[in-house]
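I opened this notebook to record what I looked up in one protein model.

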Amino acid sequence: MIPSRRSHIANAAISLVNLVDPTHFVTVTLKQARSITSDGGSMSWLRGDDIIYENAYDGFIRTISKSIASNGSWRRYKRIIRNAMTIEGGRNGERNHLHIVMRKPDHVSEDEFRSKIMDAALGASWFMQGDNAINVQLLGERPDQVSVSIYSMKKGLDRFYIAG
């Protein structure tokens, strides 16, 4: 018997929760394109794609991690925030956006963690800015973690990433 897509995603979500043990679910709206100015002064538009969005996500996680890590810890481990991300959208008129699950380090307060997330988002050139561009939700226990992980993977695993 071939497992259904639903059980495949549910199993992946449970594995993700076991790996990350997320405390937060972050949704980030992405720019669909942005203007690039050449050295000569001419402007052109660059459309976003999965590689660009994955790099933006990676930089976002690195910025948060670096801002809350001690210098020695950062030099040794780089990414100290456990996390994973799914890119969603870009089809049928749906805006590209990221669903990120991440674990807040124990030594960081809730307010400080949210502040670091928002500061990192402000500096990300492919992230939309404004009131509704980023949403940070505190997760409850394991059922919430699994539900959010399943929601993040609802369209499949082909656009799923773990920052490494």
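The entries below begin with the conventions and the overall fold.

**Conventions.** I note that this is a predicted model, in which local features need pLDDT of at least 70 and side-chain atom pairs count only at pLDDT 80 or more, while totals for chains, interfaces and linings use all residues. Residues are numbered from 1 along each chain as its sequence is written, and side-chain values use heavy atoms, with hydrogens and water left out.

**Overall fold.** I looked up the secondary structure and found 5 helices and 7 strands. Helices here are DSSP runs of H or I with at least four residues, strands are runs of E with at least two, and both are numbered from the N terminus. Read from the N terminus, the order is α-β-β-β-α-α-β-β-α-β-α-β. The radius of gyration is 17 Å, close to the 15 Å of the globule rule for 164 residues, so the protein is as compact as a globular protein of that length. That radius is taken over C-alpha atoms, and the rule is 2.2 Å times the number of residues to the power 0.38. Along the principal axes, the C-alpha trace spans about 60 × 45 × 30 Å.

**Contacts and surface.** I took contact to mean heavy atoms within 4.5 Å. Among contacts between residues at least 6 apart in sequence, 70% join residues at least 24 apart. Of the 164 residues, 41% count as buried; buried means under 20% relative accessible area, exposed over 50%, and partly exposed in between, with a 1.4 Å probe and protein chains only.

**Cores.** Which residues have the most contacts inside the largest nonpolar core? I found Phe60, Leu98, Ile100, Met102, Ile117 and Phe127, in a core of 28 residues. Such a core is a set of buried Ala, Val, Leu, Ile, Met, Phe, Trp, Tyr and Cys residues joined through side-chain atoms within 4.5 Å. The elements giving two or more residues to this core are β1 (24–29), α2 (50–68), β4 (83–88), β5 (97–102), α4 (110–122) and β6 (134–138). Helix α2 gives the largest share, 8 residues. Apart from this core lies another, of 10 residues, including Ile9, Val20, Phe25 and Val101. I then listed the partners of Ile100 beyond four places in sequence; among them are His24, Phe25, Tyr57, Phe60 and Met85.

**Single residues.** Leaving aside neighbours within four places, Gln145 is in contact with Val17, Asp21, Pro22, Leu139 and Gly140.

I next checked Trp45 in strand β3 (residues 43–47), which is exposed with a relative accessible area of 59%. Beyond four places in sequence, Trp45 is in contact with Ala33, Arg34 and Ser35.

Gly123 is in the loop between α4 and β6 and counts as exposed at 66% relative accessibility. I noted 9.7 Å, C-alpha to C-alpha, between Gly123 and Gly59, which are 64 residues apart in sequence.

Ser15, in helix α1 (residues 5–20), counts as partly exposed at 46% relative accessibility. The C-alpha atoms of Ser15 and Tyr151, 136 residues apart along the chain, are separated by 14 Å.
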